[in-house]
Amino acid sequence: MTDTSSSQIEPAAGRACGSCTMCCKVLLVGELQKPPGVWCKHAKPGQGCGIYETRPGSCREFFCEWMLDGKFGPEWKPDVAKFVVSPLTGESNLLIAVDPNFPNAWRRDPYHQQIRQWVKTCESMGRFVLLRIGGRCIALLPDKEVDLGAVGPEDDVFVSREMGPAGFVYSAQVRRKAV
Ligand code: SF4
Ligand code: SF4
């Protein structure tokens, strides 16, 4: 799990997107009002970006976890895994954006085992793992999964915990953007 908050962002040695265009489908692109889980109108799936020279800043700056961390094997490349892991930035939670055509791809191993490990690591950092499948969001908490249903890009997800008889009990809630 890479934290890019204070580091120079460079792909790991030998890493290249190649024919992967998964982030152009699963991620939100604010500058284009592109919702998560649908192809960007400029994407050429399996080939690249149709407006590469003038693509938005968020596209220029984005590298997925597979691009940044050379220890993840080819099975973790997003077009193979069918999900994109975004690195940690600032105070963010860890975001895993899943291709809606393969909503359970992340439940397979080795992915699921590693994701549960990230849940523990994030908890120790005061962060959490959020899974997005198009507009739907699932909070992966240390003691449970909470399916939050539809969560808009401007909504916030809050996680809290209380001490129970057998340790912390976690809960997650959506705070909707006021309209
Ligand atoms: S998901 Fe990662 S490997 Fe795939 S195109 Fe985006 S940055 Fe490149
Ligand atoms: S503008 Fe290009 S790089 Fe950005 S999401 Fe669309 S196709 Fe991908």
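This is a short walk through one protein chain and the two ligands placed with it.

Okay, ground rules: this is a predicted model, where local features need pLDDT of at least 70, side-chain atom pairs count only at pLDDT 80 or more, and totals for chains, interfaces and linings use all residues. Residues are numbered from 1 along each chain as its sequence is written, while chains are lettered from A and ligands numbered from 1 in the order in which they are written.

So, the overall picture. We have five helices and nine strands, taken as DSSP runs, H or I of at least four residues for helices and E of at least two for strands, numbered from the N terminus. Along the sequence the order reads α-β-β-α-α-α-β-β-α-β-β-β-β-β. The C-alpha atoms fill a box of roughly 55 × 45 × 35 Å along the principal axes.

Now the core. In general, nonpolar side chains in soluble globular proteins tend to be buried together. Here the largest nonpolar core has 31 residues, and those touching the most other members are Val26, Phe83, Val84, Ile96, Ala97, Val98 and Leu131. By core I mean buried Ala, Val, Leu, Ile, Met, Phe, Trp, Tyr and Cys joined through C-beta atoms within 7 Å. Strand S4 gives the largest share, five residues. Take Val26: leaving out residues up to four places away in sequence, its contacts (C-beta atoms, placed from the backbone, within 7 Å) include Phe83, Val84, Ala97 and Val98.

On to the ligands. What surrounds ligand 1? The shell (C-beta atom, placed from the backbone, within 6 Å) includes Cys17, Cys20, Cys23 and Cys64, along with Trp66 and Val84. That shell splits into ten nonpolar, one polar and no charged; Ala, Val, Leu, Ile, Met, Phe, Trp, Tyr, Cys and Pro count as nonpolar, Asp, Glu, Lys and Arg as charged, and the others, Gly among them, as polar. Around ligand 2 we find, among others, Cys24, Cys40, His42, Cys49, Arg55 and Cys59, and that shell divides into eight nonpolar, one polar and one charged.

Last stop, Val174, over in strand S9, residues 167–175. Is Val174 buried or partly exposed? Partly exposed, because 17 other C-beta atoms lie within 10 Å. Val174 touches Leu148, Val151, Asp155 and Val157, again not counting residues up to four places away in sequence.

Terms used
A residue is buried if 20 or more other C-beta atoms lie within 10 Å of its own, exposed if 12 or fewer, and partly exposed in between; C-beta atoms are placed from the backbone. Two residues are in contact if their C-beta atoms, placed from the backbone, lie within 7 Å.
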